Structures are given as structure tokens and as C-alpha cells.
Amino acid sequence: IAYVGPDADLPANDASSSDLDGRWVTPGLVDCHTHLVWAGNRAKEFELRLEGASYEEIARAGGGIVSSVRQLRDASEAELLHQTLPRLDDLIGEGVTTVEVKSGYGLDLENERKSLRVARQLANERPVTVRTTFLGAHATPPEANGDTGAQVEAVLQMLPAIAEEGIADAVDGFCEGVAFSPEEIARVFDAAIALGLPVKLHADQLSDLGGGALAARYGA
């Protein structure tokens, strides 16, 4: 669209007309919440959900996010990029021109950096704007044995390196009964803001811990 306004003010131009054959013309769509970079699949868990298992039951049995952690850690950056591009192509085909991509399936510095670097690379491979989000406070990795406090400490150690490398545009967290408490997320948010990174929050999906109020307090 080159001009909107009264016909009398229409600037002279040599634009031609095209019949779009019923197609829809729209500004580019923004997908503001994706976990686009992952490895393998969790199809078995979908079957369990159909049989009545809850998200929380699957997570506590070693499925869910932790299952994806194992598969992502085993994948190289090249493999992750190869698996992610078809997903991005599907979004582009639906009209998406800007996509946010979260990490959160690595849960240690090496693999969170790997995920974020792959997310950044997407913008070099396709005509799309990419924004990346560091989600180290997504779950506890297998080696943490469910110790959320230990993972928060690990995230606080990761944040300066992530910020220095410039591979994250924001920081996210998972504030739920199966994940991190509001107090733990607040520590992550304080550190992120001190490094100049805005914050986002997964909250109030499975429990009511006051995550919405926490997000509001930090201007998430």
C-alpha cells in the first residue's frame, strides 16, 4: 500500500494493478511466543494426554520439558537448524514476518547458547525478523535432581555470558508449581534487568502463584 487518503491528494505514479485472485492482503503477522528450536519429538506424551494423563503427571514422570532437554543436548547446531527451518517455513507460509524464539531446552550455558545461536541464524536463512528470549528458568535439568534453587543459581551464572554475547533480546521464566516460585523468578528478573534485558513470564497456566502480579511488578 503506497498511499491512503483522499483521491484529490493521490500522488501521481505509474503503479500497475494486479488481480490477486481472492487472496488476503494483510500486514505481516507477529508470532510473539514460540519454542521453535527443539530436537526430536514427544509424540508418546501426546498419546498419554489423550489417555487422560495431565501435563503435571507427565512432567513429574520425566517427560515434558526434561525429555526435550535430553534430545536437544544430543543435537549439533547444524542438526538443530536443519530441524527448525521447516517449522519456520510453515509460519512464513501463514503470513508471519516476525517471530519470537525462546530457548529453555538446553538448561546449561553450552546448550542454551547453542539454542539461541540457532535462533539468531534463522534470520540469515529466511526473510523474517527474529527476536530471541533466554528461558534458562524453564525447568530443572536431570543433573539438578529437581533442585530449583540450584537451577536459579545456574541461570544467574549464565546471564552475564548470554548478555555479553548479545544472543538474547529478553529473559523469560516459568513460574508454576511444577517449575519456579515467584521469589526465584524475581531473582532472575533482577539480574536480567541489571544487564539491560527486558523480561517476560510464563505464569498462571497450571497454578495460581501470583505470577501475573509478579510480571506486572517488573513491567514484563
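1. Start with the α4/α5 contact. In this predicted model, Glu 77, Leu 80, Leu 81, Thr 84, Leu 85 and Leu 88 on the α4 side meet Lys 114, Arg 117, Val 118, Gln 121, Leu 122 and Glu 125 on the α5 side. By residue class, the contact of α4 with α5 splits into 6 nonpolar, 2 polar and 4 charged.

2. Now the geometry of that pair. The axes of α4 and α5 are 10 Å apart, and the two helices pack at about 50°. The crossing of α4 past α5 is right-handed.

3. α5 also has α6 as a partner. Helix α5 (residues 109-125) and helix α6 (residues 148-165) have axes that come within 11 Å and cross at roughly 30°. So α5 is roughly parallel to α6, given that the cut-off for that label is under 35 degrees. The crossing of α5 and α6 is right-handed.

4. Who does the touching there? From α5 come Leu 109, Glu 112, Arg 113, Leu 116 and Arg 117, and they meet Met 158, Ala 161, Ile 162 and Glu 165 of α6. The residues in the contact of α5 with α6 come to 5 nonpolar, no polar and 4 charged. Note that Arg 117 turns up here and also in the list for α4 with α5.

5. A word on α5 itself. The helix has 17 residues and spans 24 Å from first C-alpha to last, close to the 24 Å expected at 1.5 Å a residue. Its buried residues are Asn 111, Glu 112, Lys 114, Ser 115, Leu 116, Val 118, Ala 119 and Leu 122. What do the buried residues of α5 pack against? The partners are α3 (65-73), α4 (77-93), β2 (96-102), β3 (129-137) and α6. Note that Glu 112 and Lys 114 are charged residues on that buried list.

6. Ser 115 is worth a click while you are in helix α5. Its relative accessible area is 3%, so Ser 115 counts as buried. Setting aside residues up to four places away in sequence, Ser 115 touches Val 37, Leu 72 and Ser 103.

7. Next, Val 101 in strand β2. Is Val 101 buried or exposed? With a relative accessible area of 1%, Val 101 is buried, because the cut-off is under 20%. Apart from neighbours within four places in sequence, Val 101 is in contact with Thr 34, Leu 36, Val 37, Ala 119, Leu 122, Val 130, Arg 131, Thr 132 and Thr 133. Val 37 is also on the contact list of Ser 115, and Ala 119 and Leu 122 are among the buried residues of α5.

8. Leu 29 lies in strand β1 (residues 29-31). At a relative accessible area of 31%, Leu 29 is partly exposed. Beyond residues up to four places away in sequence, Leu 29 touches Glu 94, Gly 95, Val 96, Thr 97 and Thr 98. Leu 29 and Ile 92 are 63 residues apart in sequence, yet 9.0 Å apart C-alpha to C-alpha.

9. Two backbone spots to look at. Most residues other than glycine have a negative phi. Asn 145, in the loop between β3 and α6, has a phi near 50°, a positive value in a residue other than glycine. At 71% relative accessibility, Asn 145 counts as exposed. Asp 204, in the loop between β5 (202-203) and α8 (211-217), also has a positive phi, near 60°. Asp 204 counts as partly exposed, at 37% relative accessibility.

10. Finally, the overall picture. The protein has 8 helices and 5 strands, in the sequence order β-α-α-α-α-β-α-β-α-β-α-β-α. Along the principal axes, the C-alpha atoms fill a box of roughly 70 × 40 × 35 Å. Of the 220 residues, 40% count as buried. Among contacts with a separation of 6 or more, 77% come from residues 24 or more positions apart.

Notes:
Residues are numbered from 1 along each chain as its sequence is written. This is a predicted model: local features need pLDDT of at least 70, side-chain atom pairs count only at pLDDT 80 or more; totals for chains, interfaces and linings use all residues. Side-chain values use heavy atoms; hydrogens and water are left out. Axes are lines fitted to C-alpha atoms, for helices over the stretch in contact, and angles run from 0 to 180 degrees between N-to-C directions. Helices (H or I, at least four residues) and strands (E, at least two) are DSSP runs, numbered from the N terminus. Angles under 35 degrees count as roughly parallel, over 145 as roughly antiparallel, 65 to 115 as roughly perpendicular and the rest as oblique. A crossing is left-handed if the near helix is turned anticlockwise from the far one by less than a right angle, and right-handed if clockwise. Contact means heavy atoms within 4.5 Å. The expected span of a helix is 1.5 Å times one less than its number of residues. Buried means under 20% relative accessible area, exposed over 50%, partly exposed in between (1.4 Å probe, protein chains only).
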